[in-house]
Amino acid sequence: MKRSGLAEATRNVHRSAGLRGFWAFATLPAGARRALAAVVGVALLADGVLALLAQTPLPTAIVDVGALIAIGAFAWRPPVAATVLAAWGLVATLLGAAGSYSLALAISVGLVTSTCSRWLSVAYCVATVAWAIVAEGFGQGFVQGGGVGGVAVGVASGLIGWGFRGGRARESQLAADIDRLKRESASAVQMERDRIADELHNIIAHDITTVVMQARALELVDDPVSRDTSRRAITDAATQALTDIRRMLRLVQGRDETVGGAGAGTVSLPATLQSLSLALGSMGASVELSLPGSEISMSNTIETTLVHIAREAATNVMKHARQTPLIRLAVSSDREGVTLQVWNAPSNGGDDLGTDETGYGLKRMNDRVMLLGGTFVAGSDETGWTVTATVPRF
């Protein structure tokens, strides 16, 4: 996959001792590296030709070649290049070419400030000024009073380099912001997918399972009353499924009508448990429903979560224990929170509804409870299967 320019800019920042480290640096863009290498190559070729023609003094030629090689090293390791370039001033002074070399140092200030750390940039600028003073003091100035002009050239070059440095920093920050927004967008999409998956699972797991169970019951019974009960259960479950699908579509489209719409309002846990007890009783099981004597004070989020868990647990009983003789639904509360328990006795067999059980329902029940800071336990023993969820009331 091709990297974007902004992402490439952030990857070009190398750290050898952290962001504030003396040797920290940023490589030049690929195009700038190629251009710098080409310019240095042409300059080296020109110096070689002039030296062969004896138009350039040998000491000056040596100083120039060393300076050009050091400048070329900025394409790969800017801190090394800056250090060598500053240290080469001693050779230039000994060979009597400090004046022209000071000008080369000044011109290179922009490369140093745009690629090297702040501390190394400051050290290089100090070295540039020092060699300019030395050149003036030893009478090796490029022209009379050329030290002042060299400093001016260095300041201009440094400002240009600092401008490039700031632009790169802004690009890096923009790239980081883009990456962050991409992560946030991906997270939001995943959350929306999870919400849709939960809604679909609730519809399929409960309402459609009820329809399938009652439709099969119609094939097995001849009693008019039982058949009529099954038909009503099928009608109610199918209607609820359609309502849930419409509500899910409103959620997906961003039109979550929580007030005044179909199916609006908070679902009541006691009403849900009473409805589930009737549905479970239609399987022929004896259902024991235990509710507190007074209304439990809890938040809408807690009550909605317990409703989802109750429906999921009841659906599992319909799918896997249709021939169980006894089912218990119980809700209790104390200062710690609210506890919902769904228990069923071992089934007498013949419970396969042809569904593909993946464990998604149990996992999502556990996730919902954990998210609210509660505890969730589901398992079986010789007495039957139990699902217990405890959540704080608020």
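## Surface and overall make-up

The accessible surface of the protein chain comes to about 22000 Å², by the Shrake-Rupley method with a 1.4 Å probe. Carbon and sulfur atoms hold 62% of this surface. Of the 394 residues in the chain, 37% are buried (under 20% relative accessible area, 1.4 Å probe, protein chains only).

The model is predicted: local features need pLDDT of at least 70, side-chain atom pairs count only at pLDDT 80 or more, and totals for chains, interfaces and linings use all residues. Residues are numbered from 1 along each chain as its sequence is written, and side-chain values use heavy atoms, with hydrogens and water left out.

## Secondary structure and contacts

The chain has twelve helices and seven strands (DSSP runs, H or I of at least four residues for helices and E of at least two for strands, numbered from the N terminus). Among contacts (heavy atoms within 4.5 Å) with a separation of 6 or more, 69% are between residues 24 or more positions apart.

Strands β6 (residues 375-381) and β7 (residues 384-391) run antiparallel and are joined by seven bridges. They form a hairpin with two residues between them, and S380 stands opposite W385 in β7.

## S114 in helix α6

S114 belongs to helix α6 (residues 109-115) and is buried, with a relative accessible area of 7%. Its side chain reaches the backbone oxygen of G110 at 3.1 Å. Beyond neighbours within four places in sequence, S114 is in contact with G161, F164, R165 and R168.

## A charge over a ring

The charged end of R328 sits over the ring of W343, 4.3 Å from its centre (the rule asks for NZ of Lys or CZ of Arg within 6 Å of the ring centre and within 35 degrees of the ring normal).

Methods: Pairing = 2+ DSSP bridges. Buried < 20%, exposed > 50% of the residue type's maximum accessible area, 1.4 Å probe, protein only. Polar contact = N/O pair within 3.5 Å; in protein donor to acceptor, adjacent residues only side chain to side chain.
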